[in-house]
Structures are given as C-alpha cells and as structure tokens.
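Take a look at the model below. We will walk through a few of its side chains, step by step.

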Amino acid sequence: MRYYILDTQIESDQCRQECLIAYTNSVPDGDYKTQTTEWATEQQRLTDNKYIVPVCPNLGTFGYAIETASDDWFPTIEE
C-alpha cells in the first residue's frame, strides 16, 4: 500500500479529512462507510515517527511525498 508522508499531526488530520471528503464525494451509492476506515485513525510509522495516511485514489499526490509501505513501518504481530 502507498502512503502520504507527513511531518505533523496537523498535516495528518488535514490530509485524512481531505481524503475522506474526496472519497465520499466520488461514491455514488453512498455505501462508503466500510471502505473509508483507513482514513479514520491516525498512524505513525515506527522507523521515524512520521505520520502516514493511505493514498486516496481521488486526490493523486495531494502535494505530499508518497512512499510504498514496508514491513518495518508497523509493529510486528506476536503470535
């Protein structure tokens, strides 16, 4: 998955809001709640604590750097 890379929580909040608005405006049937949860919670990658927001296909680059996620961005799941 690709993510926007953001430096501050304020940028993260704004980006998540813009993604949610753009996505919900593009869904004609209104059945968007199950598909928009990826923008509902704040995320930080472990490698440098930068904020990450999943890329919204309706916004393109949105003026932020975009990177493809790697496994070391997220906590490991202990079994």
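A residue counts as buried when its relative accessible area is under 20%, and as exposed when that area is over 50%. Keep this in mind while reading the model, which is predicted.

Tyr4 is buried. Tyr64 is buried too.

Now turn to the aromatic rings. The model has four aromatic pairs. Tyr4 and Tyr64 make one of them: their ring centres lie 6.2 Å apart and their planes meet at 65°, so the pair is edge-to-face. Where do the two partners sit? Tyr4 belongs to strand β1 (residues 2-6), while Tyr64 is in the loop between β3 and β4 (65-68), so the pair links parts 60 residues apart in sequence.

Trp73 and Phe74 form another aromatic pair, a tilted one. Here the centres are 6.3 Å apart, with 50° between the planes. Trp73 has 4% relative accessibility, so it counts as buried. Phe74 has 28%, so it counts as partly exposed.

Trp73 leads on to Arg45. Arg45 lies over the face of Trp73, at 4.6 Å from the ring centre. Arg45 is in the loop between β2 (43-44) and β3 (51-54). Is Arg45 buried or exposed? Its relative accessibility is 6%, so Arg45 counts as buried.

Which side chains make polar contacts with that of Arg45? One is the side chain of Asp48, at 2.8 Å. Another is the side chain of Glu67, at 2.9 Å. Leaving aside residues up to four places away in sequence, Arg45 touches Ile5, Lys50, Ile52, Glu67 and Trp73.

Conventions. Residues are numbered from 1 along each chain as its sequence is written. This is a predicted model: local features need pLDDT of at least 70, side-chain atom pairs count only at pLDDT 80 or more; totals for chains, interfaces and linings use all residues. Side-chain values use heavy atoms; hydrogens and water are left out. Helices (H or I, at least four residues) and strands (E, at least two) are DSSP runs, numbered from the N terminus. Buried means under 20% relative accessible area, exposed over 50%, partly exposed in between (1.4 Å probe, protein chains only). A polar contact is a pair of N or O atoms within 3.5 Å; within protein, one must be able to donate a hydrogen and the other to accept it, and residues adjacent in sequence count only if both atoms are side-chain atoms. Contact means heavy atoms within 4.5 Å. Rings of Phe, Tyr and Trp (its six-membered ring) pair if their centres lie within 6.5 Å; planes under 30 degrees apart count as stacked, over 60 as edge-to-face and the rest as tilted. A charge sits over a ring if NZ of Lys or CZ of Arg is within 6 Å of the ring centre and within 35 degrees of the ring normal.
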